[in-house]
Amino acid sequence: MEKYQIFQRLMESGVVAVMRKMTPEKVVSIVSGLKSAGITAVEITVEDNGGLEAIQTVKEHFNGEILIGAGTVLDGETAKEAINAGVDFIVTPVVSKSAIDVAKRYGCFIGVGAMTPTEILTAYEAGADLVKIFPADNLGPSYLKNVKGPLGHIPLMPTGGINLKNIGDYVKSGAVCVGVGGALYNYDTEEEIAAAARKFVEEYQKAKMNRK
């Protein structure tokens, strides 16, 4: 898949589910719930081997219906492992030059974590396709809006502390998509996950329409 297609699908999903400590045994039902609510992009963190196994499980089960990313990629070696596992995109929490270099070498879409304006520009100039503002809740929607002034050409995805009360403000402040964690899927059943996720999708779409 071309990078522009991945970028388009991330924006279409709007809400990107950031899924930590996933296992092959539980990931399919969670992603099924998210998908039924309209979330079609997931970032599965790979700080342990279970993450890569969960990525492969989602890839096999959903057969291209879900955009699959690897999160918490800290270095080039982990980036290469994720690419070998078949991810559509990579996300880092920090500006990792080695991860960016590997992603560029293999033509893999990469979102790079940054916080300050200097980090944001450094990440983008190094080859980030998207910059993840992290941790977003320490900065707030107004920070995003202010940064977009001089850095309006850089697509930003706030992640960390996004909830139903503030997601709209982040979107109105210029986010191209948002990363949301456990608030989407920390429920017992697929139906409960779908219901919670649907509320986030509705708030995102409402804010997106008002932004226009």
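Colleague: In β3, which residue is the bridge partner of A41?
Modeller: The bridge partner of A41 in β3 is L67. Strands here are DSSP runs of E with at least two residues, and helices are runs of H or I with at least four, numbered from the N terminus. This is a predicted model, in which local features need pLDDT of at least 70, side-chain atom pairs count only at pLDDT 80 or more, and totals for chains, interfaces and linings use all residues. Residues are numbered from 1 along each chain as its sequence is written, and side-chain values use heavy atoms, leaving out hydrogens and water.

Colleague: In which sense do β2 and β3 pair, and over how many bridges?
Modeller: Strands β2 and β3 (residues 67-71) pair in the parallel sense over 5 bridges; pairing requires at least two DSSP bridges between two strands.

Colleague: What about β1 and β2?
Modeller: Strand β1 (residues 15-19) also pairs with β2 in the parallel sense, over 3 bridges. There, M19 has I44 of β2 as its bridge partner.

Colleague: Is β2 buried or exposed?
Modeller: In β2 (residues 41-45), 5 of its 5 residues are buried, meaning under 20% relative accessible area, with exposed over 50% and partly exposed in between (1.4 Å probe, protein chains only).

Colleague: Which way do its residues point?
Modeller: A41, E43 and T45 point one way from β2, and V42 and I44 the other way. In a regular strand, side chains alternate between the two faces of the sheet.

Colleague: Changing topic, where does D129 lie?
Modeller: D129 lies in the loop between α6 (117-126) and β6 (130-133). The side chain of D129 reaches the backbone nitrogen of I110 at 2.9 Å.

Note on methods:
Polar contact = N/O pair within 3.5 Å; in protein donor to acceptor, adjacent residues only side chain to side chain.
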